Amino acid sequence: MDGNSDGNQDLNGSQINTDMDYPILRRFDDIRISNMTKYYQNRLAQAMENGVKGVSLSLIYKGHITEQEYQTITEIADKGNDAESSKIVVNLVMQKGALAQRTMWESFAGMRDAVPKLDKILKEVEEHGPTLPSYADITEVIEKVPNHLKDIQMQHKENLLVLSEKLELKTILTTEKIEISQLGDRYTNLTIITPLRPWKLMEHELLSRGKEHEERREQDLQRELEKIPIDQLFRSSFSRERRLLQRSTGDAVVLNTGCSAVACGVPGIGKTTLVQKIVHDWASGSIYPHFQFVFSFKFRDLNSISSKVTLKDLIIHSYPYLETVLEELWKNPTVLLFIFDGFDEFNRFIDFADRGGVTEPKHTCQDPECLCEVPDIVYSLIQ
């Protein structure tokens with residue numbers, strides 16, 4: 001396809017240079033380019049929505065996609081479905097191989113100023129530099145549940161399924177104060193975004209109403225804020241808190257020391273229902289296979305505990321059938337997921353602030369069988 005003489009096209013409001021050279025890519029061989037593209041695949045599909053025509057132009061200019069493929073992409077984008085056209089581009093590039101993937105990354109450099117989500121990803125690539133290829137080449141190791149724990153894990157999942165399958169809704173328009181329904185019938189996906197949004201921006205949104213609010217939210221999501229699928233909250237390019245262990249073969253594998261995620265939002269938006277959905281989906285086997293056991297607690301229930309307790313006590317109180325296997329579970333804490341719901345309902349203080357040069361140690365609980373205050377237990381698990 002013919003382009004302008006300088007290789008520039010103005011598409012989706014962004015400038016794209018089909019001859020762009022992105023120097024840092026010279027450090028990545030074809031295998032590492034493919035690994036990096038696969039690692040960022042979910043985020044790239046979102047990030048390029050506002051620049052999908054520019055990316056597809058670069059791909060056809062370099063001969064990586066056909067005229068028919070290019071036409072399909074642009075027709076879908078012209079109908080206003082940038083998300084769908086972006087997914088098609090990413091999937092095509094994954095199929096076409098490393099040269100097409102390299103061209104795609106080079107095109108990002110030419111439009112990064114106009115597409116903030118792409119700029120964010122490129123900054124990560126530039127920050128990690130030579131270490132990113134190994135990081136992106138991580139092989140996720142899902143540990144098998146030991147045979148002697150399989151029965152108790154199944155019992156635990158069955159219990160959580162029962163506890164999470166019903167959704168309680170408070171009503172004001174009927175004589176019944178609480179309406180009970182199936183979680184799957186009433187659950188609506190929340191839009192989870194990263195990073196934590198500035199309070200001034202949130203306040204401005206709350207003051208908006210109706211269509212104006214929806215339009216403002218969509219504009220922010222498309223330009224800057226990344227949507228995080230539930231199954232990507234942990235151990236994905238959205239949450240990169242991993243350390244690497246080099247095998248003798250030279251491959252990089254995960255040495256997971258734990259990571260945390262915080263879901264924030266205005267009261268009533270559905271955070272508790274989101275937690276219930278996560279627990280239900282894990283118990284049914286549809287998400288987080290790398291976690292062997294999930295423990296869910298409500299802060300309002302923890303308010304009744306005024307004396308020191310152990311983490312073991314908290315678990316046994318909610319899941320007494322696990323008492324005999326807890327010592328075994330402590331041996332591999334990275335396969336355990338702890339969920340705490342309703343932080344705004346907790347009547348105790350937990351100081352998560354980073355105090356920089358302050359050297360006074362916080363009270364932490366490194367031993368699950370050591371007596372501690374509940375806030376210290378929660379702080380230690382999250383940190």
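Reader: Which residues have the most contacts inside the largest nonpolar core?

Author: They are Tyr288, Phe295, Ile315 and Leu322, within a core of 50 residues; a nonpolar core is a set of buried Ala, Val, Leu, Ile, Met, Phe, Trp, Tyr and Cys residues joined through side-chain atoms within 4.5 Å. Helix 13 (271–283) is one of the elements that each supply at least two residues of this core, and its share, six residues, is the largest; helices (H or I, at least four residues) and strands (E, at least two) are DSSP runs, numbered from the N terminus. This is a predicted model, in which local features need pLDDT of at least 70 and side-chain atom pairs count only at pLDDT 80 or more, while totals for chains, interfaces and linings use all residues. Residues are numbered from 1 along each chain as its sequence is written, and side-chain values use heavy atoms, with hydrogens and water left out.

Reader: Why is histidine 156 called buried?

Author: Buried means under 20% relative accessible area, exposed over 50%, and partly exposed in between (1.4 Å probe, protein chains only); histidine 156 has a relative accessible area of 0%, and therefore counts as buried. This residue is found in helix 9 (residues 147–164), and a polar atom of its side chain lies 2.7 Å from the backbone oxygen of valine 294.

Reader: What makes strand 10 largely enclosed by the rest of the structure?

Author: Six of the six residues of strand 10 (residues 336–341) are buried, so the strand is largely enclosed. Both of its faces are covered, with Leu336, Phe338 and Phe340 buried on one side and Leu337, Ile339 and Asp341 buried on the other.

Reader: Why is the pair of lysine 53 and aspartate 78 called a salt bridge?

Author: A salt bridge is a side-chain nitrogen of Lys or Arg within 4 Å of a carboxyl oxygen of Asp or Glu; the N to O distance for lysine 53 and aspartate 78 is 2.3 Å, and the pair therefore qualifies. Lysine 53 lies in helix 3 (residues 52–61) and aspartate 78 in helix 4 (residues 67–78), so the pair ties together parts that are 25 residues apart in sequence.

Reader: How do you know whether each of these two partners, lysine 53 and aspartate 78, is buried or exposed?

Author: The relative accessible area of lysine 53 is 18%, under the 20% limit, so this residue is buried, whereas aspartate 78 has 55%, over the 50% limit, and is therefore exposed.

Conventions. A polar contact is a pair of N or O atoms within 3.5 Å; within protein, one must be able to donate a hydrogen and the other to accept it, and residues adjacent in sequence count only if both atoms are side-chain atoms.
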